[in-house]
Amino acid sequence: MMRIRSKFLALASIAAISAAALLAQGPATGLALADQAETREPLTFINLPQAAWTVVGHKKGFIQEEFAKIGITDINLINPGTAELSGAEAALLDRGGLAIAQRMMYPATVHKANGIDAVIVWQSSPSDKYRTPLLAKAESSINSPTDLEGKKFGGSRVGCGWTSPTEILNEAGVPLDTRIRKGAVRQETITNSAATSAALLSGAIDATATHIALPASAALWLSGEVKVVGRSPDDGIYVNAAGRVSYFAMRPFAEAYPEAIRAFLVAHERTKAWIQDNVDESAEIIAEELRLPVQIAKFQITDASSFEFMDGEQSAENARQAIRDFQKYYIEAGDEILAERYLKDEAIEQFVDARFFKGGEYSVYN
């Protein structure tokens with residue numbers, strides 16, 4: 001692992017220096033860009049996030065096939081830790097441990113606002129009300145969002161476990177507390193999904209919200225221990241904006257190796273299509289590679305709360321507008337993080353790399 005990370009860090013540093021030099025030259029001609037491509041360090045290996053779709057794509061050879069076309073034969077799937085510790089994959093990305101990371105749009109934007117020099121290379125289409133339900137213990141007296149008034153809600157602060165319930169509870173007239181705005185429901189930040197489930201079952205918190213298709217939450221749901229007590233509005237800010245998924249890469253890496261990102265995106269589309277046509281075999285692969293029960297792996301593919309198999313947003317401008325929209329909504333809702341550090345229009349323009357969206361040089365939609 002140290003050898004892989006050291007190699008990747010060295011290439012990332014070269015990419016950063018090369019990109020900086022190119023930017024310092026000002027607007028580049030096609031010839032200058034070609035010269036830059038010829039002098040860059042060859043990329044012979046790549047670290048990708050270990051996830052349900054990547055283990056299938058790797059097992060079936062789709063990932064290897066696409067990267068082999070550009071000379072990359074050493075492909076490593078790295079566990080980014082997203083299910084256990086919010087933000088771990090962004091730290092890996094920033095240190096050179098990953099080439100591309102996945103996050104929902106809200107945390108991806110917060111990472112960018114906190115200074116990570118990344119660009120979005122893929123964004124999903126709008127979400128739906130099933131993505132992140134509001135959950136309570138099955139035998140509790142809580143049956144609707146309004147029943148949470150005066151009670152405790154717990155979950156990750158930077159992610160769908162906050163953005164979805166914030167809108168649900170706002171619509172119900174019982175908003176969550178934030179550091180800068182008093183609410184009717186107490187927010188308890190818990191970054192670990194297993195700890196969140198334990199807190200809910202023990203009564204330390206009264207409700208949570210999560211993607212129940214995640215392995216750590218699927219068992220909780222399938223056991224009948226919890227029930228849905230609220231869902232996001234069908235045409236609300238979470239469904240249309242904050243609940244989208246993104247893949248992002250460090251900007252210097254994207255500048256130096258755009259063809260590697262395109263290979264990843266092509267493999268992503270190929271693998272998703274194959275999984276949907278071969279659910280049972282895919283579940284077997286996911287179960288074996290991620291060490292999960294087969295029924296959990298299959299649930300992860302088929303449940304509506306799953307976010308790994310969503311369609312892509314083809315328009316770069318739609319992707320940017322989604323960021324503008326949810327920033328505005330959550331700042332008005334008392335979001336202290338975005339109130340202190342948010343992306344201005346110029347930063348949003350740069351954050352979404354149009355080269356990978358429809359009409360762009362490296363798009364999979366052309």
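In which strand is Gln102 found? The model discussed here is predicted. Gln102 belongs to strand S3, which covers residues 100–104. With a relative accessibility of 15%, Gln102 counts as buried, because buried means under 20%. The side chain of Gln102 makes a polar contact with the side chain of Tyr247, at 3.1 Å. Gln102 also lies 6.5 Å from Phe248, C-alpha to C-alpha, although 146 residues separate Gln102 and Phe248 in sequence.

Strand S1, residues 45–49, is mostly covered, and five of its five residues are buried. On one side of S1 are Phe45, Asn47 and Pro49, and on the other are Ile46 and Leu48; both faces are covered. S1 pairs with strand S2 (residues 74–78) in the parallel sense, over five bridges. In this pairing, Asn47 stands opposite Asn76 of S2.

The whole structure contains 11 aromatic pairs. A pair of aromatic rings is described by the distance of the centres and the angle of the planes. The table gives two of the pairs.

| Pair | Centre to centre | Angle between planes | Type |
|---|---|---|---|
| Tyr106 and Tyr330 | 5.9 Å | 70° | edge-to-face |
| Tyr329 and Tyr330 | 4.9 Å | 80° | edge-to-face |

Tyr329 counts as partly exposed, at 21% relative accessibility.

Tyr106, Tyr329 and Tyr330 are among the members of one aromatic cluster, which also includes Trp162 and Phe326. The charged end of Arg157 sits over the ring of Trp162, 3.7 Å from the ring centre.

Key. Residues are numbered from 1 along each chain as its sequence is written. Side-chain values use heavy atoms; hydrogens and water are left out. Helices (H or I, at least four residues) and strands (E, at least two) are DSSP runs, numbered from the N terminus. Buried means under 20% relative accessible area, exposed over 50%, partly exposed in between (1.4 Å probe, protein chains only). A polar contact is a pair of N or O atoms within 3.5 Å; within protein, one must be able to donate a hydrogen and the other to accept it, and residues adjacent in sequence count only if both atoms are side-chain atoms. Two strands pair if DSSP finds at least two bridges between them. Rings of Phe, Tyr and Trp (its six-membered ring) pair if their centres lie within 6.5 Å; planes under 30 degrees apart count as stacked, over 60 as edge-to-face and the rest as tilted. A charge sits over a ring if NZ of Lys or CZ of Arg is within 6 Å of the ring centre and within 35 degrees of the ring normal.
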